[in-house]
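Visitor: I would like to learn how to read strand pairing and pockets in a model such as this one. Could you take me through them with the structure in view?

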Amino acid sequence: MKTYEQMLSGELYLSEDTELVKEQLKCLEKLYDFNHTRPSELAKRTAMLQDMFAELGTGCYIEPPLHANWGGKHVHFGKNVYANFNLTLVDDTHIYVGDCTMFGPNVTVATAGHPILPELREKAYQYNASVIIGRNCWIGAGAVIVPGVTIGDNTVIGAGSVVTKDIPANVVAVGNPCRILREINEHDKKYYFKDRKINL
C-alpha cells in the first residue's frame, strides 16, 4: 500500500515520505496564495477554494487566514458553509461538513493522531480518522474536534468545547470533554439569546 493510501485508510504511516511531502507542499502553496488575497477579491477567493478543496458547495465563505495541513485537498463542504477567522483543518484525511454549518473563530477540526505508545511516536508514526459534521450546525469559537468524531445535524457545539466523542443531532453540547447539555426545544423557537424574543 502506498503511503498516500495509508494516510487516507486509517493505518499507521510515516508522514515524512518524500513523495507525500512533495504533494503536500503543492497544496500549501495554494493555501498561502489564498491567505494573501485582498478583502475585495471575493470571486478570486471562491475560485481558489474550488480548486483547493475536494468539494465546495455554492455560497461558502471562509475568512482568511485558513490553516490546513493539505490546503483543503481532503475537505468536503456543502452549500452555504461559513467559517470565521483562523479555521484550522488538519485534513490529513477527509473532513465532511454539511450545508449551512457555521464555524466561529479559532475552531480546530483535526483528523490526525499519533499512537499512545512512546516507541511509535518516537519514530513519528501517525494515523488519521475522518470527521463528519452534519448540516446546519454551529461550532462555537475555539472549539476543538478530534479525529473520528461525527456531529449530527442542527447541533450547537459551545465555545471552547473539546469534542472527543460523537454528538447526536438536535442538541446543544458544551465542555471539555464535550457533553450534551440539552436538546434543542420549544424555548429555542421563542428566544434566540437568553430572554430575547424572536420577533421575525
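Guide: Strands of a sheet pair through backbone hydrogen bonds, and they do so either parallel or antiparallel. In this predicted model, strand β10 (residues 108–110) runs parallel to β7, to which three bridges join it, and T88 stands opposite T108 in β10.

Visitor: Which strand pairs with β7 in the parallel sense through residues 66–68?

Guide: That is strand β4, which pairs with β7 (residues 87–90) over three bridges; here L66 stands opposite L87 in β7.

Visitor: In what order do the strands of the open sheet lie?

Guide: The open sheet has seven strands in the order β3-β6-β9-β14-β17-β19-β20, and its pairing is mixed. Because β3 (61–62) and β20 each have a single partner strand, they stand at the edges, and one side of each is left without a neighbour in the sheet. Within the order, β9 (residues 102–103) and β14 (residues 138–139) pair in the parallel sense over two bridges, and the bridge partner of M102 in β14 is W138.

Visitor: How much space lies in the largest pocket, and which residues are the closest to its centre?

Guide: Rolling a probe the size of a water molecule over the atoms shows where empty space is left. Here the largest pocket holds about 540 Å³ of space, and of the 20 residues that line it, W138, V156, V172, R182 and D188 are the closest to its centre.

Visitor: Which element gives the most to that lining?

Guide: β21 does, with three residues, while β20 (179–183), α5 (186–190) and β21 (191–193) each supply at least two. The lining divides into 11 nonpolar, six polar and three charged residues.

Key:
Residues are numbered from 1 along each chain as its sequence is written. This is a predicted model: local features need pLDDT of at least 70, side-chain atom pairs count only at pLDDT 80 or more; totals for chains, interfaces and linings use all residues. Side-chain values use heavy atoms; hydrogens and water are left out. Two strands pair if DSSP finds at least two bridges between them. Helices (H or I, at least four residues) and strands (E, at least two) are DSSP runs, numbered from the N terminus. On a 1 Å grid over the protein atoms alone, a cavity is a set of points where a 1.4 Å probe fits but cannot get out, and a pocket is an open set with protein on both sides within 12 Å along at least five of seven lines; lining residues have an atom within 4 Å of a point. Grid points are joined across faces, edges and corners, and a volume is the space filled by probe spheres set on the points. Ala, Val, Leu, Ile, Met, Phe, Trp, Tyr, Cys and Pro count as nonpolar, Asp, Glu, Lys and Arg as charged, and the others, Gly among them, as polar.
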